[in-house]
Amino acid sequence: MELSMWLALVGICLMGAMSPGPSLAVVLKHCLASGRTAGIITALSHGFGVGVYALIAVLGLGALIHQWPMLYTALIYGGAAYLVYLAINSWRSSAGKLTIESTRGSYKKAATDGFAIAFLNPKLAIFFIALFSQFIPAEQVSTVQGAVMVATPTLIDASWYVIVALLCSHGRFLPVLERNQVLINRLLSVAFMGLALMVVARQWL
């Protein structure tokens, strides 16, 4: 994978992780209720859940390229269309106060909740298939490239929420994130739209 493409993948995964939503609420809930360690455990288990979907997406796309190359080409355009859809939704998203239920629980509960909020979200599978179809070349999917594509969103997601857990003891962190939610969503929208246009242009040029 070219460095520019990898940096594009990093940017989208980073902004996607930073966008406030249910995952952030779960990490903050365990951090505020049971302490920083519980928040970190939630963050790491959430990253693992994201990594599972990323791995499934890469393996599925690899098989698709090998067996049905024409279908893979169609998927590229379908993925680009889905990224445009995500861009429109992200642009329209408005800031809202996160709902955080302060309930005390164990580290095991923190790990379970972190993994579940990611793995029980089937939209992640669709997201990764749409996203990765724009980065995997039609010729082949190397082991190294596949590993990079799985590791990138996994590490970014886990790292971001670990940072959240480390910062959650500071009372000013959450209001700053909430104030910038619209900006984050709109930057993510621009990134989605730019990637979709770039991929379509690459298919025609």
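## The salt bridge

Lys-109 and Asp-113 form a salt bridge, with their closest N and O atoms 3.3 Å apart. The term means a side-chain nitrogen of Lys or Arg within 4 Å of a carboxyl oxygen of Asp or Glu. A search of the whole structure finds one salt bridge.

This is a predicted model: local features need pLDDT of at least 70, side-chain atom pairs count only at pLDDT 80 or more, and totals for chains, interfaces and linings use all residues. Residues are numbered from 1 along each chain as its sequence is written, and side-chain values use heavy atoms, leaving out hydrogens and water.

## Its place in the helix

Both partners sit in helix α5 (residues 107-119), four residues apart, so about one helical turn separates Lys-109 from Asp-113. Helices are DSSP runs (H or I, at least four residues), numbered from the N terminus. An α-helix has 3.6 residues a turn, so residues three or four places apart point the same way.

Lys-109 is partly exposed, at 43% relative accessible area. Asp-113 is buried, at 14%. Buried means under 20%, exposed over 50%, and partly exposed in between (1.4 Å probe, protein chains only).

## The neighbouring helix

Which residues of α2 meet α5? They are Pro-22, Ser-23, Val-26, Lys-29 and His-30. On the α5 side are Lys-109, Ala-110, Asp-113, Gly-114 and Ile-117. Contact means heavy atoms within 4.5 Å.

In α2, 11 of the 13 residues are buried, so the rest of the structure largely encloses this helix. Among the buried ones are Ser-23, Val-26, Lys-29 and His-30. Just after α2, Gly-35 has a positive phi of about 105 degrees.

Note on methods: Helix = DSSP H or I, 4+ residues; strand = E, 2+ residues; numbered from the N terminus.
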